Each structure stands twice: as C-alpha cells, then as structure tokens.
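Please read it with the model open.

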Amino acid sequence: DVLSLLRRTNKQMDHFNYRNGQLYAEDVSVAEIAASVGTPFYVYSTATLVRHFQLFDDALDGMDHCICYAMKAASNQAILKTLGNLGAGMDVVSGGEYRRALSAGIPPEKVVFSGVGKTFEEITFALQNGIRQFNVESDSELEQISSIASSMNKIAPIAIRINPDVDAQTHEKIATGKAENKFGIPLSRAREVYSKASQMPGISIVGIDLHIGSQLTDLEPFKKAYQKLADLTQVLRQDGHNIKRLDLGGGLGIPYEKNQSAPPLPVEYGKMVKKVLGHLDCEIEIEPGRLIVGNAGILVSSVLGVKNGDNRNFLILDAAMNDLIRPAMYDAYHDIIPIKQLSLPEAVYDVVGPVCETGDTFAKKRTMPELSKNDLVAFRSAGAYGAVMSSEYNTRPLIPEVMVNTNKFSIIRKRPSYEEIIERDIIPDWLE
Ligand code: LLP
C-alpha cells in the first residue's frame, strides 16, 4: 500500500542501486529483467514515482493545490495510474494525451488542457467529456473555444497563458517564457484579453496560467515570473475577474550529472511559492513532468561491440538515438553505468548507437569501466522525455517499457513484432 511504500522510500533519491555488485530496480535485478525482456528497454520504479509525487505534495502542504503531472514526459498508462492513485491530475497537450489520461482512470475534472494550438476536434471532445480548464494561448483560440462551447450549450473553464518575458536560463530549445517564444500572450495584453474573455458567452475565467521552461536549475526565474503573476492577479481582480486558480507550469530541473550541483528541491520551490503567492488565496496548480518521472526511469542496453578507431574507442550499443533522442537533440548528458558493477580498469569511449548518422552519439570521450560485447549498461535519468520521444527510425521497433514495484516487474508496453510495423504500410493498388 501507498503508506508503507512511502516509508520505505524516504531514504534514497531513486531506487536504482547496486546490491552485491548488480544493479537493482527496487528489489528486482535489472539483469533478470533483461534476460526476460531482451534489450533495449526502459524500466520505471514505482517507489521513485511515488516519492517524487509526494515531495511536491508535501512542498505545497498548507496551500490548496492540485499537482497536474505533465504527462508528455512519460505517458504510459501504468505511470498515469500510479500517480492517479495518489491523487494526481494531468496536464495534457493533445487529444491523444487527453484520451490516455481518461483511459488510465484520471477524472476529467483533474485534467488541464495546455498547448499552443488545439484543434476543433480536441476542444469539442474535451468539452463533451469534461475538463478542469483549458490553458488558452491566443485570442483566436479563446474565440474558438467560446464558439464551440456555446454551440454545445456549455461553458468552458479557462485560464490564459501569460508570457512573462522571463529568461529561464535553460537550453534554448526548452525555454518558453521569453517574449520571442511562441507561447502565451504578452503580459502587456493580459487585461485586454481577460476583458474580452469575460464577455464571451462560452467562457468562464477560472485563473491564470504560465510555464517558463523546462530543466530549470535555479529558483530565481520562477520567482521573477511568479511575482509578475501575483501582481497580475491583483490587477485582474480589480478589473472584476474571478481569479481563483494559478497554474504555475512545470520546469523544476533534476540532477543529471553526479558532480553537478543539485537543482533546488521541491520543498524549496514550495517555500518560494508560498512566499510569493500564498497571500492571494488561490488554488495552486503545478505541472511537473521531468522531476516526477526523470529519475524514476532508466534505459537498459547491451554492448554490441567495441571498435577501436584513431584516437577513439567506440562503444557500440543496441540502443540508439531513436530510443533516447535527448543527447542528439539537446546535447543532454545521461550517466551511463554498467549493470554489473565494475571497477578498474577504466576506458574512454564515444558511446554510440547503430543508427546511420553521426548524431547517433550518446556521449563523447566518456570515462567508464572497460566493457565488452554483451555487457549490459543503463542510462540513468531516462524516465522523462525518453520513451515518449522515441521513433521507429531505421525501422527499429519501439522498445518495451517495464515497471517495477518492490519485488515484482511487469511489461507495461510490449515490443512490437516486425510484422506489426511492416503491415501498417499500405501499397497503393497501382503498385500491386
Ligand atoms: N507544462 C507545460 C505547459 C510544458 O510545456 C511542459 C514541458 C511542462 C509543463 C513540464 O515541464 P517539466 O516539469 O517536465 O520540465 N523534451 C525536452 C523537454 C520539453 C519540455 C516541454 N514542456 C527534454 O527532453 O528536455
């Protein structure tokens, strides 16, 4: 049960640890999973998921709050259900995610619909089935939601996403809170847009939304943005709007590198939130993704071989950029550790996958224990934006996902057969 799980989980950051020289996911040997499932695959730890959810829940204790997990980070229904059982809501950004959340048993009144563009079908479906709120990103979207809702005799609860023009100091591809980014409406237009919204027949204003970026390692940008949000709340209330809910987005970062200074903890984030926004008597909504699931997942892969080049040794794995795109896309660092604990000798490798492009490189000049063919390795902190961003590039099947709970494990998404992949193509009759 959840309580005993919590007690058990208080001590460690995550639940991937060595025991007698073997990597374990909670009480399950990773090598054992590999033998049963085949590599590569993702493994998630229930205890880590629970712990991370609880850290946020505790951090906001004393404030009315809802933790809407940003399911784009990892959307397997087993993960959603694990979090849903603890009371989590979901932040969704597509009709697909919305359906997945409902299918995992998340009540629609805990589902927030975010995203910079929503289709007619997505808005209609969400209104039909119920929604906590739409986070609206433009005037035209506001008008569309109002007109769809009116035609259905419904009122759509909305928050407008404000772009606070704050530098999140993160990788440029995942910074979203600067004026030049495509997200939200500028702060300077907020009063005008809220006033428009208040006159629209299908709209009910419930709050304000923002999200300034992902993998933030400092509280200062959050604080700046939230101060602007606090000011705006008062201004909009003076204008007569019903601002009862503040959606603070996600974005709190996680430690990827051992020797890096650790980003602030949820408890520190929570303290800051209380200080900056606590006096407003609003319900606080947060949308964490990475911090919940990032360190709750690893990617396990086998060594296909070692190739010695000029001045370089290539460690060739059976996982590739299509399975974990983060290093290729954001130059992201992931710790790569052997499943069987090895000490010396060490070697320096370029760690690569088998895909036919140079970008299929996980790490350059990485010092690791010397490895050889068939050894297993794990990429740590691969739970967020791992499986969900994978593709079948090079006709490589999407890899399985496994979930561990204490001493049990279960496949939560199976590896498709080659037939399943190939039969999706349709040969036009003129080619028959
Ligand atoms: N809310 C909104 C509106 C978002 O756009 C995002 C992430 C989140 C919440 C969750 O942010 P988190 O707590 O996970 O930082 N693929 C990239 C990250 C993209 C983040 C997109 N938006 C990566 O692998 O680093």
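This is a predicted model: local features need pLDDT of at least 70, side-chain atom pairs count only at pLDDT 80 or more; totals for chains, interfaces and linings use all residues.

1. The buried side of H5. Helix H5 spans residues 95–103, and its buried residues are Gly 95, Glu 97, Tyr 98 and Ala 101. These residues lie on the same side of H5, because they cover an arc of only 160° around the axis.

2. What covers H5, and what follows. After H5 comes Gly 105, which has a positive phi near 90°.

3. Aromatic pairs. How many aromatic pairs does a search of the whole structure find? The search finds nine. One of them joins Phe 56 and Tyr 269 in an edge-to-face arrangement, with 6.3 Å centre to centre and 85° between the planes. This pair links distant parts of the chain: Phe 56 belongs to helix H3 (residues 46–59) and Tyr 269 to helix H10 (residues 266–277), 213 residues apart.

4. Are Phe 56 and Tyr 269 buried or exposed? Phe 56 counts as buried because its relative accessibility is 2%, and Tyr 269 counts as buried because its value is 3%; the cut-off for buried is under 20%. Phe 56 and Tyr 269 also belong to one aromatic cluster with Phe 222 and Tyr 226.

5. Arginines over rings. Two such arrangements are noted here. Arg 19 has its charged end over the ring of Tyr 24, at 4.9 Å from the ring centre. Arg 99 lies over the face of Phe 125, and the distance to the ring centre is 3.8 Å.

6. Lys 72 places a polar side-chain atom 3.3 Å from a ligand oxygen atom. Gly 289 uses its backbone instead, with an N or O atom 2.9 Å from an oxygen atom of the ligand. In the case of Tyr 330, an N or O atom of the side chain is 2.8 Å from a nitrogen atom of the ligand.

7. A cis peptide bond. The bond from Thr 39 to Pro 40 is cis, and its omega is near -10°. Pro 40 is located in the loop between helix H2 (30–37) and strand E4 (41–45).

8. Positive phi at Asp 281. This residue is not a glycine, yet Asp 281 has a positive phi, near 55°. Asp 281 sits in the loop between H10 and strand E13 (283–286). Its relative accessibility is 70%, so Asp 281 counts as exposed, the cut-off being over 50%.

9. Positive phi at Asp 331. Where does Asp 331 lie? The residue is in the loop between helix H12 (326–330) and strand E16 (336–338). Asp 331 is not a glycine either, and its phi is positive at about 50°. With 69% relative accessibility, Asp 331 counts as exposed.

Key. Residues are numbered from 1 along each chain as its sequence is written. Side-chain values use heavy atoms; hydrogens and water are left out. Buried means under 20% relative accessible area, exposed over 50%, partly exposed in between (1.4 Å probe, protein chains only). Helices (H or I, at least four residues) and strands (E, at least two) are DSSP runs, numbered from the N terminus. The arc is that of the directions from the helix axis to the C-beta atoms. Rings of Phe, Tyr and Trp (its six-membered ring) pair if their centres lie within 6.5 Å; planes under 30 degrees apart count as stacked, over 60 as edge-to-face and the rest as tilted. A charge sits over a ring if NZ of Lys or CZ of Arg is within 6 Å of the ring centre and within 35 degrees of the ring normal. A polar contact is a pair of N or O atoms within 3.5 Å; within protein, one must be able to donate a hydrogen and the other to accept it, and residues adjacent in sequence count only if both atoms are side-chain atoms.
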